[in-house]
Amino acid sequence: MRPSDKISCEGFPCTDVNHESYLIPDVTVDPAQISAVLISEAAPPNKSDYYYASTNPLFAQTTVQAFRDAGASVTNVADILRLGIYLTTAVKCGKTGYAVATQTTRTCSVLLKQELALFPNLRVLLLMGDVAIRAINDIARQDGLPRVVPAGSTYKIRDGLFHYRGIRALPSYLQAGPSFFIEKSKRKMIAQDIRTALDLISQTL
């Protein structure tokens with residue numbers, strides 16, 4: 001199954017993103033083998049930096065390093081997929097500014113909800129940054145449910161027990177992109193949160 005064959009944006013209504021960098025993961029996965037989804041912020045401005053690009057993309061570099069920091073023996077995104085972890089973004093187009101508008105996250109969460117529904121055996125959601133956290137709360141709102149992750153600074157709430165329809169939600173920090181190499185304190189917390197996700201997955205095998 002290729003998620004890009006199952007999901008598409010109709011009309012591209014968001015005005016604060018670059019539609020030319022629109023990306024749904026174009027990778028073959030076995031839905032039954034996916035236990036966790038890592039959701040980062042937005043697609044990169046340059047498609048060659050996306051997780052599944054054929055060269056050595058920036059998103060893959062920083063994410064592989066984050067998993068290695070967590071003790072996982074991985075060298076590429078294919079290794080992460082083999083662990084049962086699928087990588088995607090909350091917003092499917094690249095940003096044009098520093099932040100993503102709340103309405104853009106809400107609009108794109110409809111696509112993310114469809115994407116998550118492709119995987120019947122999900123146990124963990126890694127929410128990498130504020131945009132991913134907002135997106136999962138938007139999805140819960142669409143379902144008539146209370147927010148999954150409460151308001152508050154991520155470092156204060158990241159150890160809480162949060163769930164979306166029985167799936168554990170782990171709020172963390174953005175691991176995709178150049179800032180990963182700069183913010184060392186966040187990098188340590190990212191590794192801890194990925195380690196928690198890996199441990200939760202191993203408990204369900």
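Which residues of H5 are buried? They are Val131, Ala132, Ile133, Ala135, Ile136, Asn137, Asp138, Ile139 and Ala140. Buried means under 20% relative accessible area; exposed means over 50%, and partly exposed lies in between (1.4 Å probe, protein chains only).

## Basis

This is a predicted model: local features need pLDDT of at least 70, side-chain atom pairs count only at pLDDT 80 or more, and totals for chains, interfaces and linings use all residues. Residues are numbered from 1 along each chain as its sequence is written, and side-chain values use heavy atoms, with hydrogens and water left out.

Helices (H or I, at least four residues) and strands (E, at least two) are DSSP runs, numbered from the N terminus.

## The sheet

Six strands form an open sheet in the order E1-E3-E2-E4-E6-E5. The pairing is mixed. Two strands pair if DSSP finds at least two bridges between them. Strand E1 (17–18) and strand E5 (162–164) stand at the edges. Each has a single partner strand, so one side of each is left without a neighbour in the sheet.

E1 and E3 run antiparallel and are joined by two bridges. Val17 has Lys95 as its bridge partner in E3.

## Helices on the sheet

Helix H4 (residues 102–116) packs on the sheet. H4 touches E1, E2, E3 and strand E4 (124–128), where contact means heavy atoms within 4.5 Å. The direction of H4 makes about 150 degrees with that of E3. Axes are lines fitted to C-alpha atoms, for helices over the stretch in contact; angles run from 0 to 180 degrees between N-to-C directions.

Helix H5 (residues 130–142) also packs on the sheet, touching E2, E3, E4, E5 and strand E6 (167–172). Its direction makes about 130 degrees with that of E4. H5 has 13 residues and reaches 18 Å from its first C-alpha to its last, close to the 18 Å expected at 1.5 Å a residue. The expected span is 1.5 Å times one less than the number of residues. Gly144 follows H5 with a positive phi, near 75 degrees.

## Helix H2

The 12 residues of helix H2 (residues 58–69) should span 16 Å. The end C-alpha atoms of H2 are 17 Å apart, which agrees. Buried residues of H2 are Phe59, Ala60, Thr62, Thr63, Val64, Ala66 and Phe67. Just after H2, Gly71 takes a positive phi of about 95 degrees.

Thr89 lies in strand E3 (residues 85–95). Thr89 counts as buried, at 0% relative accessibility. Its side chain reaches the backbone oxygen of Val91 at 2.8 Å. Leaving aside residues up to four places away in sequence, Thr89 touches residues including Phe59, Leu112 and Glu41.

Glu41 sits in strand E2 (residues 36–43). Glu41 is buried too, at 17% relative accessibility. A polar contact of 3.0 Å joins the side chains of Glu41 and Lys95. Such a contact is a pair of N or O atoms within 3.5 Å; within protein, one must be able to donate a hydrogen and the other to accept it, and residues adjacent in sequence count only if both atoms are side-chain atoms. With the sequence neighbours up to four places away not counted, Glu41 also touches Val131 and Leu174, among others.

## Cysteines

The structure holds zero disulfides, a disulfide being a pair of cysteine sulfur atoms within 2.5 Å. For Cys14, the nearest cysteine sulfur is that of Cys108, 5.9 Å away. Cys14 is buried, with a relative accessible area of 13%.

For Cys93, the nearest cysteine sulfur is that of Cys9, 6.4 Å away. Cys93 is buried, with a relative accessible area of 6%.
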